[in-house]
Amino acid sequence: MRSRWATRKRQFRTLYRIFLLRVVDLNLMSADADPAKLVTQFATMFATISLFIALPAMIGLMGGGRTTGTNGWTAEHFLIETSMTIVGLVAVLNWDAALPDRQDVLILAPLPVRNSTLLLAKIAALLAAPGLALVALNMFSGVLWPVGFRAGDGGILWLLRAWFAYWSTIVLAGSFMVFAILAVQGVIANLLPRQYFLRVSAFVQAALLCLLLSVYFLAPSLESPAALTAPENQRMLACLPSYWFFGLFQQLNGSMHPALAASAAHARIGFFVASGGATVSLLLAYFRMMPKIVEQSEIVPRRNAREWSLPLGNSLQTAMTLFTLRTLLRSRQHRMVMSFYLGIGLTIVVGYIDFLSGSGQPKSTGISAAFLLASMLLMILTLLAMRVVASIPVALRANWILRVTQVRPANHYRIALRFSFLVLGVIPVMLTIAFLLLIERYPWRPATGHLFILFTLGTLIVEICLYSFSKIPFTCSYLPGKARIHFVFWAVLMVFIRLLYEGALLEQTILQHLLSCGLGLVLLVCSILGMRRLNTLLSGSELRFEEEYPADLVSLNIRLTSPTG
């Protein structure tokens, strides 16, 4: 009996390590890549965010005061809501790691490994990633902020109670998000056949991403006693889980407000319902889907399917554009990543535009600065999202096909890549903005000028995105830490959004005069030509299909001397 338990324990540890590393798709990474390094980078990023969040608490503690009243409630809810959103995003991004795939079943089925061991290892590895994100995100803020949240002015007991209340609430809130997402996945897996479940999963992922981000950025602030007790807000409080656990924290901390009693009860009920639903649905999905994973194919053939090919430019440009489009439409992973970036970008845009619209901005040209800013941000976010997903390979082991069929110079492929970004990124945004301009019935002259400026801006962003990108999309291996496009994306959102608003005000002014509009277009065209020339000079003579770290040259300091010397 003891030997049997030791064997199962060893099997669990081995499978847990394998599944934990497979949270990152190793088939997409370079041969030099280290999955542990990628995990460390994400943990470092969350820890850095935690440090910045903890700075106001550190300043407040240096002043010797506690964070009380509405300000304290706002900080408490912000920390809980942020932790829940981050954990939910990580769980959604690891959607495919919950259930075994065909490779798992084919390898482990002939071995003496129980399904329960496989299930426990899968779930443990799946919970490890959100747990790491939760701990890293609260590494500093979870230590400093509870000091200011303590309910009484007593000694160490109130401080220990605040720490216990904070970490208990954070862990329960994060667990609730993970269990709720697992319950949704388990219910869909039980209701649909496996083939249709795989097809629907990508759309469910995208919907959950947009829902989490929209609630986080667009939900109203209800942290004041007046907002919590207002009758018109009770339905919204009952629908927002972050306020449930905010009430639970107040109850555990000893600072309970009567208006939060219902929220604390909702937190307890929601946690047990989510955890029970996830457990039951996943167990049923495992025992139901395990035999079908091998028996059924993962692709459902379409009836009366017809191949379509729309001519776009020359043959290479058409092939590149259709390859990029079909990859984005067929690859669940790439659709999910692109929906993540577009979702978080667009929710920030909507929130910022609502703020500007409510501040009474002038409409001197008939087009508001908020609309101009929204159109520019939509163009930039779409192209940056395309650039991000283009760096992720779709089938790395099959890129040898493109290597052996490269019969043209690398410069021709870069031109075709630029053309595909213009067709798939710039043109759809242009058509969307033109449709909105038509619906809003803006004056045709400033509307036409804005479309020309938007097209040249999009062309310039394409040149910036393709800087040192001498690749075919979705074919080059990924090397953690080498690509900087993610930092560019967040820099555009967090740092340059105010600068873009100033640019929207400038465009609003120059659209009034034809000469100023023409001069602006000339400056953008000159910037495009300069960036294109720089890309031509820095581009290599070959396409890259494998990312590698730069070789390190080590000098041995050996001097050669003549035999007579």
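A nonpolar core is a set of buried Ala, Val, Leu, Ile, Met, Phe, Trp, Tyr and Cys residues joined through side-chain atoms within 4.5 Å, where buried means under 20% relative accessible area, exposed over 50% and partly exposed in between, with a 1.4 Å probe and protein chains only. The model is predicted, so local features need pLDDT of at least 70 and side-chain atom pairs count only at pLDDT 80 or more, while totals for chains, interfaces and linings use all residues. Residues are numbered from 1 along each chain as its sequence is written, and side-chain values use heavy atoms, with hydrogens and water left out.

**Exercise 1.** Describe the largest nonpolar core and the surroundings of Phe 421.

Solution. Begin with the membership: the largest nonpolar core has 113 residues, of which Ile 80, Phe 176, Phe 245, Leu 383 and Phe 421 touch the most other members. Next, look for the element that gives the most to this core, which is helix α15, residues 369-390, with 15 residues; helices are DSSP runs of H or I with at least four residues, strands are runs of E with at least two, and both are numbered from the N terminus. Then turn to Phe 421, which, when residues up to four places away in sequence are not counted, touches Leu 383, Met 386, Arg 387, Ala 390, Val 426, Val 462 and Leu 466, a contact being heavy atoms within 4.5 Å. Finally, note a second, separate core of eight residues, among them Leu 316, Ala 410, Ala 416 and Leu 543.

**Exercise 2.** Work out how Ser 281 is placed in its helix, and what its side chain meets.

Solution. Ser 281 is found in helix α12, residues 261-295, and its relative accessible area of 6% means that Ser 281 is buried. A polar atom of its side chain lies 2.6 Å from the backbone oxygen of Gly 277. Leaving aside neighbours within four places in sequence, Ser 281 is in contact with Leu 182, Ala 183, Gly 186, Val 187 and Asn 190.

**Exercise 3.** Summarise the protein as a whole.

Solution. The secondary structure comes to 21 helices and zero strands, and buried residues make up 46% of the 565 residues.

How values were computed
A polar contact is a pair of N or O atoms within 3.5 Å; within protein, one must be able to donate a hydrogen and the other to accept it, and residues adjacent in sequence count only if both atoms are side-chain atoms.
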